[in-house]
Amino acid sequence: MLKAIRTLLLCACAAGPALAAQAQGPEDLPPYKMLRSLQAIQDAIVLGDHSAADMQRFMLAAVDKRLREADTAVFNDPRNVDAAFIYAMSGGNPETLSYLANHDIEGNFDTRVVDALSHYLAGKGGLMVENLAKAVPEYRNSRVGPYLCLVLGNATAQQNPVKSIEYYDWARLTSPGTNIEEAALRRSIALATRGGMPQKGFAYSLSYARRFLTSPYASQFADVFVELAVANYNEETEAKIQEILGFMDKPRQREVYLRIARRAAIGGMQELATLASTRAQDLSDVADAGPKALASLYSGLVGIPSKGILEAVKDISAIPEAELSPRDRALRQAANVVAQEVLRVPELESLTQETVPNVKSDTTMEEGGGVTGSGDSPFATPASEAALKAAQPDAVPQAALSEKEPADPVLDAFLSTGRSKLDEIDSLLKGEDQQ
């Protein structure tokens, strides 16, 4: 798409200054026409054109300037009012919408929508659900409708996942092939997994795999798909998982299996961890030392609590340090700590083993794509998180939504499980000693 835009610009320049003089400048274009360019760029990003991120920043600034400098009469056209709403929900400056509403003397801006979006963009989505839900039926078939449904889906996700999925369904079905559909599908998978709706989850995953594997947010899809697969892996669902993976090339399939193996290993699902690790190794070329090392690590982890604990520790300790990411090095260290504590003979002075060695946290751990430790995920990831964040059609400051999360909650769960097992062993030993 960007190549086509460049070609058109070159042709316009070649046509001479007379043609350029007749062209409209940004200050003359109606806001809704400028917004169409922004939407096209954001849709191109989720369809794989990551080079459009810089153009997106430019267009967001240009639309913001045009909206703030527009005469109030411009908003007598409902299309320009819709453009202001969509701009606010597309990563734009939320203060611009408030500015326009405060200067609206003709009543062109629906105060219900303005108030709802103001609360939502400030991280207070729960305060606007009821009022916006009443207004949405009036906008459902309008240009703003899909965006409002996506916002409502996000705002109701915690309290009412089923209703949230309904909003997401409407948003994606009325905006096929857009960043609206991409975001709605990805979030629907997560809700279906948490809500115990695997059939819906696999259907959404199939749709995503068909359309958006080159999206910069495909790595997030891989994470939620892995959660869905691990939580529902059995003979019946294996065929569906294979169908979804069939839309991926070998590196992406291998990455998914590595993530499944990691989750399964930490969760103590020995059979699944071994199966996923084996398939990841089968999908690796001879030169793929990193993925093979990870597959060995994850398959070795499940042997820690088994009879072959010494052999398992030996295997995972032999993996070169350079082949593991900081998160996976921490995971291996945690496994070694658990193994040492299981093997250590308890002292009579302290059968409670109150001092458990801590696993050092690596502050350099990467977020997002570093989950498997592959370091070079074949799933598209944003070159600049800040640059592409606005491609989310409903970007909300994360600090306003939740407290800071731990570096690796899955690793924390692993450590917690290991320590609880040690406590049980200590209790049994203490009971034998007292008999």
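The questions and answers that follow concern a predicted model and set its values against the cut-offs.

Q: Why is Trp170 called partly exposed?
A: Buried requires a relative accessible area under 20% and exposed one over 50%; because Trp170 has a relative accessible area of 30%, it is partly exposed. This residue is found in helix H10, which spans residues 161–173.

Q: What makes the approach of Trp170 to the backbone oxygen of Arg140 a polar contact?
A: A polar atom of the Trp170 side chain lies 3.4 Å from the backbone oxygen of Arg140, and the cut-off for such a pair is within 3.5 Å. The two residues are 30 apart in sequence, with 8.6 Å between their C-alpha atoms. Leaving aside neighbours within four places in sequence, Trp170 is in contact with Asn141 and Cys149 as well as with Arg140.

Q: How do you know that H5 is mostly covered?
A: Nine of the 11 residues of H5 (78–88) are buried, among them Val81, Phe85 and Ile86. The buried residues pack against several helices, including H3, H4 and H9.

Q: Why are H5 and H6 called roughly antiparallel?
A: Their axes, which come within 8 Å, cross at roughly 150 degrees, and angles over 145 count as roughly antiparallel; H5 and H6 are therefore roughly antiparallel to each other. The crossing of H5 and H6 is left-handed.

Q: Which residues of H5 and H6 meet?
A: Ala84, Phe85, Tyr87 and Ala88 of H5 meet Thr96, Leu97 and Leu100 of H6. The residues of this contact comprise six nonpolar, one polar and no charged.

Methods: Residues numbered from 1 in each chain as written. Predicted model: local features only at pLDDT ≥ 70, side-chain atom pairs only at ≥ 80, totals over all residues. Heavy atoms only, no water. Buried < 20%, exposed > 50% of the residue type's maximum accessible area, 1.4 Å probe, protein only. Helix = DSSP H or I, 4+ residues; strand = E, 2+ residues; numbered from the N terminus. Contact = heavy atoms within 4.5 Å. Polar contact = N/O pair within 3.5 Å; in protein donor to acceptor, adjacent residues only side chain to side chain. Axes fitted to C-alpha atoms, helices over the stretch in contact; angles between N-to-C directions. Parallel < 35°, antiparallel > 145°, perpendicular 65-115°, else oblique. Left-handed = near helix turned anticlockwise from the far one by under 90°. Nonpolar A, V, L, I, M, F, W, Y, C, P; charged D, E, K, R; others polar.
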